[in-house]
Amino acid sequence: MGGSTNLPPGFHFFPSDEELVIHFLRRKAALLPCRPDIVPTLPQNRYDPWELNGKALQAGNQWYFFSQATQSRTSRNGCWNPIGADEAVSSGGSHVGLKKTLVFSIGEPFQATKTNWVMHEYHLLDGNGGTSSSGSSRKRSHKKKDHPDKECSNWVVCRVFESSYDSQVSFHEEDMELSCLDEVFLSLDDYDEVSLPKN
């Protein structure tokens with residue numbers, strides 16, 4: 001599949017953080033097909049970011065792929081290092097995911113040179129996979145809002161881009177109408193029907 005989107009003419013892939021978590025990552029973790037099935041699965045530590053072209057899903061100056069979460073994000077020529085604080089991804093007033101920001105550095109650890117390559121790594125949060133009981137829901141309701149639930153599932157979805165390309169321009173301003181792809185997703189997916197497989 002590689003960088004091919006397999007989308008009809010006129011469709012563009014510019015998902016928001018919420019859409020990446022709800023429409024793609026949750027379905028991947030639940031072993032359900034993603035519709036459309038266009039985001040490939042790649043090992044994080046196999047490719048340098050400039051090697052993603054033709055392998056990950058390309059949308060403009062951004063590349064998307066699923067991967068297994070790992071503590072070691074080291075590739076042949078460098079590694080991904082986390083920067084800043086993790087951000088909660090919300091949907092319907094609830095935290096459903098976590099976004100980690102990482103920067104790619106070239107060279108050996110402690111002697112590496114930072115590049116302009118940035119990766120947003122999205123994780124699911126425990127209790128948002130549709131398998132929670134009423135008791136666990138009550139327990140979570142007592143948690144502070146600034147302390148999101150812990151991560152669950154080994155799957156992550158990644159967005160990679162070069163920051164010099166101004167790739168973080170938002171395509172989802174509040175006053176912007178839904179895109180055709182948004183409407184397709186809303187018509188295909190039912191948030192409440194998705195559940196994570198039990199171990």
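Which residue lies over the face of W155? K28 does, at 4.7 Å from the ring centre; a charge counts as over a ring if NZ of Lys or CZ of Arg is within 6 Å of the ring centre and within 35 degrees of the ring normal. This is a predicted model, in which local features need pLDDT of at least 70, side-chain atom pairs count only at pLDDT 80 or more, and totals for chains, interfaces and linings use all residues. Residues are numbered from 1 along each chain as its sequence is written, and side-chain values use heavy atoms, with hydrogens and water left out.

**Aromatic pairs**
- The whole structure holds 5 aromatic pairs (rings of Phe, Tyr and Trp, the last by its six-membered ring, with centres within 6.5 Å; planes under 30 degrees apart are stacked, over 60 edge-to-face, the rest tilted).
- One of them is F13 with Y64, edge-to-face at 5.0 Å centre to centre and 90° between the planes.
- This pair joins distant parts of the chain, 51 residues apart: F13 precedes α1 (17-29), and Y64 is in strand β2 (residues 62-68) (helices are DSSP runs of H or I, at least four residues; strands are runs of E, at least two; both are numbered from the N terminus).
- W50 and F104 are edge-to-face because their planes stand at 85°, with ring centres 5.6 Å apart.
- W50, in the loop between α1 and β1 (57-59), and F104, in strand β4 (residues 94-106), are 54 residues apart.
- Ring pairs also link F13, F24 and Y64 into a cluster.

**Burial**
- Both F13 and Y64 are buried (under 20% relative accessible area; exposed is over 50%, partly exposed in between; 1.4 Å probe, protein chains only).
- F104 is buried, at a relative accessible area of 0%, whereas W50 is partly exposed at 40%.
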